[in-house]
Amino acid sequence: MKIGVVISEGPYTHQAADTGYHFVKAALAKGHEVPRVFFYHDGVNVATRLSVPPQDERNIQKNWTELAKEHGIDMVVCIAAAQRRGLLDENEAERQGKDANNIAEGFRISGLGQLIEMAIQTDRLVMFGD
Amino acid sequence: MSDTKKFLYVNRKAPYGTIYALESLEVVLIGAAFEQEVALAFLDDGVFQLTKGQDTTGIGVKNFSPTFRALGDYDVNKLYVERESLEERGLSEDDLQEIMYEDEDDDWAEKPSIRIVSRAEMADIMAEQDVILSF
């Protein structure tokens, strides 16, 4: 089965980004496909490469980056939600005249159309939020 | 699998205080371009999103409630509001803004988009969907 996943709460404050991660791992292990994960609301904050959690805690961004790399998952961060919250890739930082970018490897910034497209093209849409 | 799916956007949160309602509406507006079968559900504190006379000047946040009246132009004209959620909050249909659409199958007659449904009917509506996005 093709499963599309949405993460809609921020890392560390909420469990959603962790539960979503464990769900995707389990689904892949069962032979399902997860072509895309879409990050929305505060979920976009998962994609910052500047978070530095204590060493004895899990690193949510790194977990996702590694999982996506291993399984070829397209991780999309909503551009409108990202811009409100200060998540920028190199192009967006330049376009907005900002002096830095912070998107981690494996994530890409794109529009909400990617969420709708994912919902149309998958058999199930699973949202992890509050 | 057919190319058209039934999408239901479930709105459960008050319009202000958190960003869920606004960012839900942004998905609805973008999603309208994909020509899917779209409906919106309002339940729990989500029913406050449709109340009339919203004034946000005191909190410095944009009042986005007029946008709901434009949904008809995007062929989004099924706004299901749960009766029990209204009643539990001391609200009735009279407290909601009037949202109309033009029915192209009925000589463009103006019809109300808001449909008040019971909790049991809401469950049936959810069961019929292909995709449910919950905000």
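**Aromatic pairs, buried residues and pockets in a predicted model**

A:Tyr21, A:Phe39, A:Trp64 and A:Phe107 form a single aromatic cluster. The model is a predicted one, in which local features need pLDDT of at least 70 and side-chain atom pairs count only at pLDDT 80 or more, while totals for chains, interfaces and linings use all residues. Residues are numbered from 1 along each chain as its sequence is written, chains are lettered from A and ligands numbered from 1 in the order in which they are written, and side-chain values use heavy atoms, with hydrogens and water left out.

Over all chains, the structure holds 10 aromatic pairs. One of them is formed by A:Phe38 and A:Tyr40, with 6.2 Å from centre to centre and 50° between the planes, and is tilted. Rings of Phe, Tyr and Trp (its six-membered ring) pair if their centres lie within 6.5 Å; planes under 30 degrees apart count as stacked, over 60 as edge-to-face and the rest as tilted. Both A:Phe38 and A:Tyr40 are buried (under 20% relative accessible area, with exposed meaning over 50% and partly exposed in between, for a 1.4 Å probe and protein chains only). In chain B, the ring centres of B:Phe42 and B:Phe68 are 5.8 Å apart and the planes stand at 75°, so this pair is edge-to-face. B:Phe42 belongs to strand S2 (residues 37–42) of chain B, and B:Phe68 to the loop between S2 and strand S3 (79–82) of chain B, so the pair ties together parts that are 26 residues apart in sequence. Helices (H or I, at least four residues) and strands (E, at least two) are DSSP runs, numbered from the N terminus. B:Phe42 and B:Phe68 are both buried.

A:Met75 is placed in strand S3 (residues 74–78) of chain A. This residue counts as buried because its relative accessibility is 1%. Apart from neighbours within four places in sequence, A:Met75 is in contact (heavy atoms within 4.5 Å) with A:Val37, A:Phe39, A:Trp64, A:Thr65, A:Ala68, A:Gly106, A:Phe107 and A:Arg108. A:Trp64 and A:Met75 are 11 residues apart in sequence, and their C-alpha atoms are 8.6 Å apart in space.

Helix H5 (residues 113–121) of chain A contains A:Gln114. H5(A) is mostly covered, with 7 of its 9 residues buried: A:Gly113, A:Gln114, A:Leu115, A:Ile116, A:Met118, A:Ala119 and A:Ile120. A:Gln114 has a relative accessible area of 17% and is therefore buried. Its side chain makes a polar contact of 2.7 Å with the side chain of A:Arg108. A polar contact is a pair of N or O atoms within 3.5 Å; within protein, one must be able to donate a hydrogen and the other to accept it, and residues adjacent in sequence count only if both atoms are side-chain atoms. Not counting residues up to four places away in sequence, A:Gln114 touches A:Arg36, A:Phe38, A:Asp74, A:Val76 and A:Arg108.

Two residues of chain B are noted for their backbone angles. Most residues other than glycine have a negative phi. B:Asp44, in the loop between S2 and S3 of chain B, has a positive phi near 50°. B:Asp44 counts as partly exposed because its relative accessibility is 33%. The phi of B:Trp108 is also positive, near 60°, and B:Trp108 is found in the loop between S4 and strand S5 (109–112) of chain B.

B:Trp108 is also among the residues that line the second largest pocket, together with others including B:Gly72, B:Asp73, B:Met100 and B:Tyr101. On a 1 Å grid over the protein atoms alone, a pocket is an open set of points with protein on both sides within 12 Å along at least five of seven lines, a cavity is a set where a 1.4 Å probe fits but cannot get out, and lining residues have an atom within 4 Å of a point. The volume of the second largest pocket is about 170 Å³, where a volume is the space filled by probe spheres set on the points, and grid points are joined across faces, edges and corners. Strand S4 (residues 100–103) of chain B gives the most to this lining, with 4 residues. By class, the lining has 3 nonpolar, 2 polar and 7 charged residues (Ala, Val, Leu, Ile, Met, Phe, Trp, Tyr, Cys and Pro count as nonpolar, Asp, Glu, Lys and Arg as charged, and the others, Gly among them, as polar).

The largest pocket holds about 230 Å³ of space. Its lining divides into 4 nonpolar, 2 polar and 4 charged residues.
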